[in-house]
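Dear colleague,

Here is the structure I promised to pass on to you, together with my notes on what came out of it. Please keep the sequence and the view open beside this message as you read.

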Amino acid sequence: MADALAAVTARLYSAPPEDFIALRGEEVAKARSARDTALAAAIGKLRKPTVAAWLVNRLAHERPDLVAELLELAEELRAAQRELRGADLRELSVRRRGTVSALAREAVRLAGRGSAGNLPVAEVEATFAAALADAEVAAEVRAGRLTKALEYTGFGETPRPNLRLVQGGPAPAAATVTPVRGAPDEPSTATVTPMRSAPDASERERRAEARRREEERRRAEEEHARLKKQARRELMTALQQVADAENAKAEAERAVAAADKAIQQAEKRVKIAQDALADLG
């Protein structure tokens, strides 16, 4: 039932909120006709999402790559906070603002409802910002099953204290050697671990080769991760540029419409003036 419920949930929470009730009723009817009463009951309990939640859910289902970029940035932010890396935090904060804004614009674009003026963009941005600050919120955003917008009111993770070894005092238990004592008149005994013989040349060469391979594998993974991160950053930049261009286009269209209206009004005044002049002979 879990897979069937997940598929239905994805469909319902990707659909516009105004269609949610009707679609949920259809899915409940399908489950009942299949005699799956448990699935029908589970579907019937799904709550209708707000418009802001729907926008986030739609982005999660249609552009999971962008949500993955958001969550990757969240991990970087949390790591920088824990380790108190001020320079990284400043750079990541700039990326945070740009990423949240770009994701909100993309969510609005996917909604296909034209201008964002009537959409709760601020609530969408607040939800993405909350996902950056809280791992549990991030998991909910990734799942794409939100029923309402979320907001984070905390102050980030509490940094972990830096620990150092304090000299003096009792040694750690793992470093303590305790002899095994017998009867009072018996000498003390201790377990002795025989030393391993030094590896021969072929063994040393084998180990060196294994280390080289491991190092090559690690470097390849780091390069792959770097290229992937760079590609995602370029994608986010491109999305923001597209959104800016669309906004500029919309403003230009509004200006053209206003100019057309002004021309029409001026032509009407000209016509009125001409008619008045004709009447005066």
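**Helix 8 and its surroundings**

The buried residues of helix 8 pack against helix 4 (51–62), helix 5 (64–82) and helix 7. Please bear in mind throughout that this is a predicted model, and that everything below is computed from it.

As for which residues those are, Val 137, Ala 138 and Val 141 are buried in helix 8. Seen down the axis of helix 8, these buried residues fall within an arc of 105 degrees, so they line one face of the helix. In general, an α-helix has 3.6 residues a turn, so residues three or four places apart point the same way. On the other side of helix 8 you will find Glu 136 and Arg 142, both of which are exposed.

The axes of helix 7 (residues 121–133) and helix 8 (residues 135–143) come within 6 Å of each other and cross at roughly 125 degrees. Because angles from 65 to 115 degrees count as roughly perpendicular and those over 145 as roughly antiparallel, helix 7 and helix 8 are therefore oblique to each other, and their crossing is left-handed. On the side of helix 7, the contact is made by Thr 127, Phe 128, Ala 130, Ala 131 and Ala 133, while helix 8 contributes Ala 135, Val 137, Ala 138 and Val 141. Sorted by class, this contact of helix 7 with helix 8 has 8 nonpolar residues, 1 polar residue and no charged residues.

**The chain as a whole**

The secondary structure of the chain comes to 9 helices and 0 strands, so that, read along the sequence, the pattern is α-α-α-α-α-α-α-α-α. Of the 281 residues in the chain, 27% count as buried. Among contacts between residues at least 6 apart in sequence, 69% join residues that are at least 24 apart.

**A residue to look at separately**

Where does Arg 35 lie in the chain? Its place is in the loop between helix 2 (17–33) and helix 3 (37–44). The phi of Arg 35 is near 60 degrees, which is a positive value in a residue other than glycine. For background, most residues other than glycine have a negative phi. Arg 35 is also exposed, with a relative accessible area of 76%.

Note on methods:
Residues numbered from 1 in each chain as written. Predicted model: local features only at pLDDT ≥ 70, side-chain atom pairs only at ≥ 80, totals over all residues. Heavy atoms only, no water. Axes fitted to C-alpha atoms, helices over the stretch in contact; angles between N-to-C directions. Helix = DSSP H or I, 4+ residues; strand = E, 2+ residues; numbered from the N terminus. Parallel < 35°, antiparallel > 145°, perpendicular 65-115°, else oblique. Left-handed = near helix turned anticlockwise from the far one by under 90°. Contact = heavy atoms within 4.5 Å. Nonpolar A, V, L, I, M, F, W, Y, C, P; charged D, E, K, R; others polar. Buried < 20%, exposed > 50% of the residue type's maximum accessible area, 1.4 Å probe, protein only. Arc of directions from axis to C-beta.
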